[in-house]
Amino acid sequence: TTSGNQIIDADGNNVRIAGVAWFGFESDTKVVQGLWTRNWQDMMDQMQVAGFNTVRLPFSTEAMQDGQMPNSINYALNPDLEGLTSIEILDKIVDYADQIGLRIMLDHHRSEAGVGALGEELWYTSRYNDQAWIDTWVKLATRYRDNPSVIAVDLHNEPHGAASWGDGGATDWARAATAAGDAIHEVNPDWLIVVEGIGNYQGNNYWWGGNLQGVADHPVELAQSGKLVYSPHDYPASVYEQPWFSDGSDLHQVFRETWGYIYEQDIAPILVGEFGSRLETAKDQAWADAITSYMQGDFDGDGSIDKPAGDGDISFAWWSWNPNS
């Protein structure tokens, strides 16, 4: 559950979700990728050894429909997956996570199987409408409500383009996130509801899914309190050369204005749902230093910790486990 800007466990202790994204269920393979060269359990064991406590699992609405079959699996390395549908393989991953003490955050990455947020600005398409998106979440909430390894749901990956915030219309992401979160909680009240930002708010552009400025004016208000987590995405110049990398902007101030104020003002917890780099350039390394120091509580970049003593660091999910991103 949540208290102020902290995620807490059943005993009231602060929790930092330290996640890693393992993509594939959202793609044309309709299953986590890498199974053509490695065993799925070996990879999950390694995630835990590396220090992650949570796996963010992107999926598509399409892959979660009954009868959808995965591909690109080496069954000699993964014999226990042979003949299983995509959602049945997800069952096995969730069950094994519970066995080894990992936690799962499910992430609606796309409606139709494909790559990232490309070609899909919103959480619905003409093929899978808004209700189909909610129905898929309710299906998963019902399916996994008795498995404690699933702790959180990232309602949709990187709404952008036509996505708005707080205007009450069909493209209002805050409205849709509230509806989906409440529908999930009707069948599964335990899950954290993770809400990303959009791309543009009142003319201010940021990363797809990264702009949470609208929370100040129109916060998401779920019927069940203590379950909401906001989740920006943030990347370095190697992903896209944004203006703030070359116009002299203070990156700490950029973070504060677009999403960090939510944590600093004790509105809700922040989980940086995607950030990552190969750290091959000086610009990327400077960004990585800035964002990791911010997430540890140095909000103004002066080298000292500004968060109150006893507060946990900001949660995250690194993009990505897969090397083929």
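User: Which strands make up the open sheet of three strands, and in what order?
Analyst: The order of that open sheet is β1-β2-β3, and its pairing is antiparallel, where strands are DSSP runs of E with at least two residues, numbered from the N terminus, and two strands pair if DSSP finds at least two bridges between them. The model is a predicted one, in which local features need pLDDT of at least 70 and side-chain atom pairs count only at pLDDT 80 or more, while totals for chains, interfaces and linings use all residues. Residues are numbered from 1 along each chain as its sequence is written, and side-chain values use heavy atoms, with hydrogens and water left out.

User: Which strands stand at the edges there?
Analyst: Those are β1 (2–3) and β3 (14–15), each of which has a single partner strand, so one side of each is left without a neighbour in the sheet.

User: And how many bridges hold β2 and β3 together?
Analyst: Strand β2 (residues 6–8) pairs with β3 in the antiparallel sense over two bridges, and N14 in β3 is the bridge partner of I8.

User: What about the sheet of eight strands, what order does that have?
Analyst: That open sheet runs β11-β8-β7-β6-β5-β4-β13-β12 with parallel pairing. Its edges are β11 (228–231) and β12 (271–275), each with a single partner strand, so one side of each is left without a neighbour in the sheet. On average, and with direction ignored, neighbouring strands are turned by 25° against each other, taking axes as lines fitted to C-alpha atoms, with angles that run from 0 to 180 degrees between N-to-C directions.

User: Which residue does V272 stand opposite?
Analyst: V272 stands opposite F316 in β13, and β12 and β13 pair in the parallel sense over three bridges.

User: Switching to salt bridges, how many are there?
Analyst: The count comes to 14, with a salt bridge taken as a side-chain nitrogen of Lys or Arg within 4 Å of a carboxyl oxygen of Asp or Glu. One of them joins the side chains of D154 and R56 at 3.1 Å, N to O. This pair links distant parts of the chain, since D154 lies in strand β7 (residues 150–154) and R56 in strand β5 (residues 54–60), 98 residues apart.

User: Where is K30 found?
Analyst: K30 is in the loop between β4 (18–21) and α1 (40–49), and its phi is near 55°, a positive value in a residue other than glycine.

Conventions:
Helix = DSSP H or I, 4+ residues; strand = E, 2+ residues; numbered from the N terminus.
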